[in-house]
Structure formats: C-alpha cells, structure tokens
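Please open the model in your viewer and keep the selection tool at hand.

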Amino acid sequence: MPDVLRADVKLLGALLGTVLRESGGDDLLDDVETLRALTIGAFTHPESTEAIERAEAFVDSLDATRAEELARAFTSYFHLVNLAEENHRVRVLRARAAAADPEHPSTETLPGALAALAAEVGDEEAARRLAALEFRPVFTAHPTEARRRAVANAIRRIGALLAERDDPHTRGAVLAENERALLAEVDILWRTAPLRSEKPSPLDEVRTAMAVFDETLFGAVPDVYRSLDDAIAGEDAGVARPVAPAFVRLGSWIGADRDGNPNVTARITRTAAEIASEHVLLGLERATTRIARTLTLDASTTPPSPALSALREQQRQLAQDLAADIAERSPNEPHRQVMLFAAERIVATRRRDADLAYASAEELRSDLLVVQESLVAAGDRRSAYGELQRLLWQVETFGFHLAELEVRQHSKVHRTALAELRARDADPSAPIDDMTNEVLDVFRTIQHIQRRFGVIAARRYIVSFTQSSEDLANVYRLAQYAAGPGGEVPTLDVIPLFETFDDLQASTRILDEMLELPEVQARLAATGRRVEVMLGYSDSSKDVGPVAATLALYDAQARIAAWAERNDIVLTLFHGRGGALGRGGGPANQAVLAQPPGSVDGRFKLTEQGEVIFARYGNPVIAQRHIDQVASATLLASSPSNVARTSSAAEEFAPMAATMDEASRARFFELVKADGFAAWFAQVTPMEEIGWLALGSRPARRGLSVSSLEDLRAIPWVFAWTQARINLTGWFGLGTALAAVGDETLVRSAYERWPLFRAMIDNVEMSLAKTDDRIARRYLALGDRDDLAELVLDEMALTRHWVLTATGSSSVLESRPVLRTAVQLRSPYVDALSLLQLRALRSLRAPEDAAAQAATQAPAAPAAPAAPDVRRLLLLSVSGVAAGLQNTG
C-alpha cells in the first residue's frame, strides 16, 4: 500500500477507534480489535481450521447488541477505507495527468486514441470518426446501492475534508481544525442509522441521481471536452473554434423503467422529467448568469456584430421593461446585455412563462452562437471560446431535459393490454384493467414530455423479453389506442431487448421482421436509418451460465452487426450491463475493445446501475477518467488493427469457443436444474433476506415466492452469491469449459491473442479473488445437499486452476499486485462481517423446534418472523459485506 494511502487509512481508522471508545467504552473497542485479530489470524493461516473456528466462536459468544455494534463498526470502517482509496485514486490520476507526455499520450485517453487511429486511417478519416463519436451512459435505479443517502452524504463530507489534507497549505492550526472536523464527521457517520427504514420511492431515486448531475456531471463532461480540445488544438485551444465534439448523451430509466415495478406510474414518469429539467435549467441559468457578469466588454473595445444587435432588438421586443432594466445596469455592454437577457429567458423556461421562455434548447444554443460569433468578429477570441464555449457544450450535451427518459415495459404487459382493448372494440361493455389504463397513460405522458421538452426528451421505448416482431408492433398499436381517433401519437423508437439465450439466437430473424413494420420504416426514413438494439447480460447469464452467455452475446452482436451492414442500418448496440461480473460488469473500456467488428462503430451505449453510478460518476476526476477511457476505447474499437485482431481471433478460436459453450452450459444446468436447487439456494445464501433490505423501489422477485430460478430477478441472484463469498455467477462453469478444451498451450495462446477470452479470464480472476472457500463452506453447510455443495466447491477449485493456467500465474491477481493487495487487506475484515452474517443465518435456518419437527415428521409450520435483533444483524452484515467487497448486484 502506498505510504500516503496507508496514512489516510491509519488516520481514519484511528478516528473511528476514538468514536467507538467514546460511544461504547473501551469494551466495544476491545471486542472490535479482538475480532479483527482473530480474522486476520485465520486469513493468514488458511490451512488452520482452528483459527477460523476461534473467530466463529467469539462471534457466537457476543450478545445481540454487541454483535450489531461490531457489524456497524466494520461497515463504518469499510466506508472509510473505500473513501481513502477513492481519494488516493484521484491523487494518482492527477499525478499521472501532470506527468503525461503530451507528445505520446496513452491510448486509454482520447488524444492518444485519436493519434493511434490517425496513424492507421489518416488524419481526415480520424477527424470524421471523432466528430461522429457517441457515448451514451444510461442511469438506472436497480436496487444495488446498499447505502442510505444520509450515509453517502456523510461519506462525501468526510471525503472533502480528507482531500483538503493534500493541500500544502493545510498545516499547523488549519490541519488541527481539519482533524477536529473529520472526527466530528466520523462520529456522525457512526451515529447515523445505516439502514433505511422504508424503501425509497422512484422519485427518491430520481433525486438521488440528480445529486450526481449537480455535483459532478454538469461540470465534468465539459471538462472532458476541454481536455480533448487542448490536446488536439494545442496553442489554438481556447482561442479557436473547438475541434472536440459534445459526444456524451445521458439517458435515464429512473422513474421510467416500469418492467416489474408497479411503483413507476405515468405520473411518476412525468414528474421525473420535470425534476430533471428543473435541475439542468438551474445549472444553465447559473452558468449563463456567471458568464454574463464577466462580459463587461465595452462596445468601443468590443463592438457588437449586426447579428448581435438584431438579437438584442428581438429581446427588447419580447420584454421591453426587462431589456431596459438590463441595459441600465450594463450600459454600453451589448454582449453582457444579451447574455443577461438569455439568463432571464432560461428562468422563464423553468417557470413556464410562455411569453419569455425558450421554445427549445436549440433556440438557446442559437443565441449563444450569435454571442460567440460577435466576440470573434470583435477580436475577443478568448471570451468567445472560453467559458462561453463550455456553456455551449453543456447545452449541446444536456439540452433542457438533462437525460433522455427511456420507458421500459415487459412484452407480456403489452400483449395483455392489447387483448383487453381489442375485446372492448368487439364489446364496448368489456372491462379494462387498471394496468391497461396505466399502459395507455404512459403513451400520453410521453406525448406530454415531447411537447414540453422536445422529442429527444423521451422517444425510446424498450420492450423487455422481445420474442417476436409482434412484441414491437404492439407498442405502436397501443400508442394509437392512447391517442384515440385523430389524436397525436408520440414519436417512438421502439427498441427490442433480447435477454434470454433463445431470444439472442432469434435476434436477427426478429429484426428482419421488424424492418417490415410501417412505423419502423417511417422512423428509418426520419433518422437516417438508425436502429438501436438492446442486449441483456443479466438474464442471459442466469439462463445459461456466465461462460455460455458471454459467448452467446458475442455471437449475437456479430450477427446483428452483419445484419445492420446488409440492411444499410446505422446500428447502436445498447449493453444492459450491471456492476457485478455476473451481470456483464468489469472494466468497460476492455469490454468495448473486445466487441465483434462492426458492433461498436464509434457508438457505445450501456446501463450504469445503482452503486456503479456513484463509483464512476460520484467524483469529478474519476468521472472524467471513466468517460475518457470508454470514449477512447469506442474510438479505437473500429480501428483496422483492432478489427483484424478481434475477427482473426474469433475465427481461430471458434472451435474452442464451441467446446467451452457446450461444456459450461452442461455444468451450469447440472447445478441449477438439479431437483430442489431453488430451495437449496435460498438456504445457503441470504437470498430471501435480501428482500428485507429497503434498497430500491423495485421488487426483488417477479412473484410472491421463488420456486424456480426463473422467478428470481438477476440482481438478487448475483447479490446473494456475492454475500455468501462464492461469487458463483461470475465464474461457474469456466473450469469445466477449459478442462473440456484440455490443451494448456491453446488456453494460454487464447489468453494472449483473443480479446474476448482475455477479458473473460481477467474478470473471472477478479471474481475469484473475492471468493473465500473457508467462508463459502460455512454458507454451503447451511443447506442439506452435500452433493450440490461439493459441486460448487469442485468447480471453484477447477476454475481457479484453469485461470492460473491461462494467465501463467502461480496465484490469483499475481500480475496485478496493487489490486491483489487491496483485496487481501480487505478480506479479513469482510470475514468478520461474514461470520456475523452466518450467526444470523444459522439462527434463522435452525429454529429451536426444528429438531422436534424432524423427529415427529410433522409438516413444517409457516416460517415465523425473524426476531428483531436477528433481522437487524443480518441486514447490517449484508450492508457491510457489500461495502467491503464493493459489489452488490
């Protein structure tokens, strides 16, 4: 661990120790230290069963109150360690940027990627591709952020204080005051209830996402553009028209994704759009006002252009009193006057003052361009291409809607609604279900949003579990029903979502049929033949296992890209990825470069879910780095060298892929299709108990109970295995797949030369690093199926063997020592929380009358509600393990 990071961790740990002593006395701190020492001892001597048993015995000896306090203490510790690591990452990124060689930029940055691309295709073609670049992160509110917002806010405040300590001026009395404030904030973190008492509403989730926009993205995104322009334009940067395009476009499912979430209604979607618009308009208003106040440029030194004078007259005609007041406050400063008036028009837009409001973001952009061109004509290029250009980038990126709301609904809901409406057509007395009325209201809401914020604000409609072109046609039919005879139908781009293995296989057939729909043909003509197709990583992995799903997704992308080329389609593939490896997680830039030829083509869109939003976008420096990395990979994915590498590797290793697919799927089915698997899974993981957590507004399951894997959503499926320290969804079946290949030389060659395989192995290696077979055995022992437990453990050992064979390493993460150290330092502390969780689970799994019931063979009574202390301990430990592993679902 670097010394500066070690110092931060030591400081925060000491402050937490002080708080624990003040709160619970020396006894509490002593118990924390005892458990810490026992789990460290057990971790450093994995061959000793006695060491882990001593730690387990200590946990079992604690009274309920002390067990809870220890769970909270270790969870608080992880929050602080995570914060220290984030602060150090920012420190490293800044140091790396300062030391970067501008003549030889890294290809993991946009300037480096552009230079590498230009070397292959020429400057002109590279510039064309840069101009067409698109990165579309779509924020979703899937329930994977285990922290309360109050906890997250406390952590953010501690982070700001920790960052202050890097300032060389923070010394002496200032440093002492900083430490006092840190101690106070750590005390608040400890005293803040770590668990939500109620599930957040969809609008709570919307407002949480708005905090990321306000505090990070509104400023970070134009900073990415500015950095790129600086690198490309050199001395002309900031004094010439920028080369960097505004290539980021935000999307959001928060408040619009109603698939399986009855809490998301048409009213919620409408309110979500209004909240987002309020935030971006406030941001634009402040930025415009700030810039206006700096443009104290006298007309004698910076004369207005004829276009600016005409714009000023147009403004005067809109509101003479306002224009006169601004002119009086800014005499002979025409540029300032125009910008102050523009700020007032943004205010009017936010307040819905029709007389003064802008009709669209494009109208504001047009006014700003007039100001910019007038400044250039007057010789003031620095004002023209400085902060004013930054504002233009913000308008181009966020518009007046901030993020495009994307509605999602299950194809089955559409089929049911359409059947009811057709029945009513035949018989006007036929009843219409509330859900059908809600479906129709959604289309009316989309129409309302489009009228108010423009078509771009809400035109994408995603159909979950698309199984035929009829599932897409149904959306257009329902929109017609909602509009009524002669009514205005909203503009819709209906997007198929292929999730299961069978649907991925059928994707191109369905897409061929989709092209014949008249509504699709009309949209192709209007959009320049642009089509978007979404791929689901979570359900495909749950369907056939992670290995077969990875190969099936690659194959589907290759076939869809070929379909697009045949049909002259401008394709955007939308990747429904989660944060966890079992849901398509892992380094996004590495994943982009491993995609099939033609499937990226300068456009990359993915879901950013739950905890990932805060991890990638919560800090402005990290957000800029993430956007830069993904965008550079998106640019390079279609370079001739990368296309040649991925295509030749896919062809060369196709037989190996076929062997892996068949063997891994058979092994996965051996586990999940075993009799009684669903019940056993619920026994050996906290799957059922995760539903107690007030994580998000969306239910964790599709029905009232889980009788099969199909009933369970992908997130708790991943979350539960992660909590049990098994991480099965990230690796299960890979060992068997590679054993079926059997050729160690071939496997090593594939790791060196097949990008998809390398990304898979690297992700599995990370997943295995967070597994622990000592802890896993204790979870698996909660069930009564030794056969299934041994199958899991055998596959874990086999997968570890073949991953090390592929990488040529002697231990997991050997080639990534920094990451390996971070995981190893955390593991003993996670063990402490796992042992506390196991204590709670054993209490839940083995009630006092279980033996008596078994002896009399009496039918099992309905499960009694968990005792409050057991329930609290379980939930606290779940939150703590999530913080320690930095993964939920």
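Two strands are said to pair if DSSP finds at least two bridges between them. The model on display is a predicted one.

**The sheet.** Begin by selecting the strands. Nine of them form an open sheet with parallel pairing, and their order is E3-E2-E1-E9-E8-E7-E6-E5-E4. Which strands stand at the edges? They are E3 (404-405) and E4 (407-410); each has a single partner strand, so one side of each is left without a neighbour in the sheet.

**A pair within the sheet.** Next, select residues 493-498, which are strand E6, together with residues 530-536, which are strand E7. Two bridges join E6 and E7 in the parallel sense. Display Leu 497 and look for its bridge partner in E7, which is Met 534.

**A helix across the strands.** Now select residues 434-453, helix H17. Helix H17 lies across E3, E4 and strand E5 (460-464), and its direction makes an angle of about 155 degrees with that of E5.

**The whole protein.** Along the principal axes, the C-alpha atoms fill a box of roughly 95 × 80 × 60 Å. A compact globule of 889 residues would have a radius of gyration near 29 Å, and the protein agrees with this because its own value is 29 Å. Colour the residues by burial: 58% of the 889 count as buried. Among contacts with a separation of 6 or more, 81% join residues 24 or more positions apart.

Methods:
Residues numbered from 1 in each chain as written. Predicted model: local features only at pLDDT ≥ 70, side-chain atom pairs only at ≥ 80, totals over all residues. Heavy atoms only, no water. Helix = DSSP H or I, 4+ residues; strand = E, 2+ residues; numbered from the N terminus. Contact = heavy atoms within 4.5 Å. Axes fitted to C-alpha atoms, helices over the stretch in contact; angles between N-to-C directions. Rg over C-alpha atoms; globule rule 2.2 N^0.38 Å. Buried < 20%, exposed > 50% of the residue type's maximum accessible area, 1.4 Å probe, protein only.
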